[in-house]
Amino acid sequence: MSRDAGALGPEPRPGGTGAAVPTSTRVVEIDGLTFGYAETEQPPLDGFTLSIERGEFACILGPSGCGKSTLLGILSGLFTPQRGRVTVDGTLLYEEGRRVTREAPAMGYVFQDPRLLPWRKVRQNVELALRAARVPQSEWDERVQRYLDMCGIGRLAGSWPGNLSGGQRQRVAITRALAIEPTLVLMDEPFSTLDEVTARFLRRELLEVWERTGQTIVFVTHSIREAVYLGDNVYVMTAGPGKVLERRPIGVPRPRAYEDPHLTEIEADMVDWVLRQWGFYEDPGRKGSP
Ligand SMILES: Nc1ncnc2c1ncn2[C@@H]1O[C@H](COP(=O)(O)OP(=O)(O)O)[C@@H](O)[C@H]1O
Ligand SMILES: [Mg+2]
């Protein structure tokens, strides 16, 4: 299957509102979403609109505090928005301030922190997710081993989380998210606390696993380079209140090299554009290369 982002749509469309793509190919559809934690405060997400294709690697890029984690919290059922519609894989989750269904499609999560149970071995940590996703127990052995192997940690099935490196623990977290074979994988800055060498290695591995599974990934980051390297599309958010400013397709064929000069060009262009959008050039004294 071609992973060239060009196949996903010819033109950038603000917030994915273009009408060219048939609804059935969209896994996530968010329309006019507004969510605030307290009535008195400005909502972090206001009039937020986004749509994501099946099998897409979608990067959500935004400055700290713009509402990226809040967005994933809404998709995962943690917070109910005050306004707007949210549909995942054809199931309407929220509409105009109410939760429509409790039967949301299966989703896998990977956070900054791997959140493993330290008193359970690696295999059991993954099995807990399979149990929660109601995968029949007869399938667990094969499923756990297949995904551990895919994430390069097949030999660690019997290890305790406390004996693993940070990178290995994060691979277990990724295994756990993918092994339930979810409709959607939500990742919230999963590599931001790792050292850069480990992070690069894991980014490449994540792409390889994604290409093999064909899953849809919503990957939140504040790193422009990471977004450009990983994404079919980068959805750039405003600084606040959070809206999607623009969908930017990354038309670089895969496999990509992290150091590819073409990615560097795209990154430089995006840095310049994003700094303008996020208001960093408002002070004329700061013009030039920040
Ligand atoms: N539980 C909460 N209660 C109140 N405000 C919150 C809570 N979580 C986040 N916020 C606020 O909402 C805004 C968006 O936060 P968040 O979604 O975590 O941003 P991001 O992930 O983009 O850094 C921030 O201003 C943050 O302080
Ligand atoms: Mg966050």
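Arg143 is partly exposed, having 18 other C-beta atoms within 10 Å; on the scale used here, 20 or more other C-beta atoms within 10 Å of a residue's own make it buried, 12 or fewer make it exposed, and anything in between is partly exposed, with C-beta atoms placed from the backbone. The model is a predicted one, in which local features need pLDDT of at least 70 and side-chain atom pairs count only at pLDDT 80 or more, while totals for chains, interfaces and linings use all residues. Residues are numbered from 1 along each chain as its sequence is written, and chains are lettered from A and ligands numbered from 1 in the order in which they are written.

Arg143 belongs to helix 3 (residues 140–150). Helices (H or I, at least four residues) and strands (E, at least two) are DSSP runs, numbered from the N terminus. Apart from its neighbours within four places in sequence, Arg143 is in contact with Leu130, Val135 and Ala179, a contact being two residues whose C-beta atoms, placed from the backbone, lie within 7 Å. Glu127 is 16 residues from Arg143 along the chain, and 9.1 Å separates their C-alpha atoms.

Two of these contact partners, Leu130 and Ala179, bring helix 2 and helix 4 into view. Helix 2 (residues 122–132) packs against helix 4 (residues 166–179) at an angle of about 30°, and their axes are 9 Å apart. Axes here are lines fitted to C-alpha atoms, for helices over the stretch in contact, and angles run from 0 to 180 degrees between N-to-C directions. Helix 2 is therefore roughly parallel to helix 4, given that angles under 35 degrees count as roughly parallel, over 145 as roughly antiparallel, 65 to 115 as roughly perpendicular and the rest as oblique. To this contact helix 2 contributes Val122, Asn125, Val126, Ala129 and Leu130, and helix 4 contributes Val172, Thr175, Arg176 and Ala179.

Turning to the sheet, six strands form an open arrangement in the order 7-8-9-3-10-11, with mixed pairing; two strands pair if DSSP finds at least two bridges between them. Strand 7 (107–110) and strand 11 (244–249) are the edge strands, each pairing on one side only. On average, neighbouring strands of this sheet are turned by 20° against each other, direction ignored.

Strand 9 (residues 216–221) is largely enclosed by the rest of the structure, because six of its six residues are buried. Thr216, Val218 and Val220 point one way from strand 9, whereas Ile217, Phe219 and Thr221 point the other way. In a regular strand the side chains alternate between the two faces of the sheet. Strand 3 (residues 57–61) pairs with strand 9 in the parallel sense over five bridges, and Leu61 stands opposite Thr221. Strand 8 (residues 184–188) also runs parallel to strand 9, joined to it by five bridges, with Leu184 opposite Thr216. From strand 8 the chain crosses through helix 5 (residues 196–213) to strand 9 in a right-handed β-α-β crossover; right-handed means that, with the strands pointing away from the viewer, the path from the first strand over the helix to the second runs clockwise.

Strand 10 (residues 233–237) and strand 11 pair in the antiparallel sense over five bridges, and Val236 stands opposite Glu246 of strand 11. Helix 1 (residues 68–75) lies across strand 3, strand 8, strand 9 and strand 10, and runs at about 150° to strand 8.
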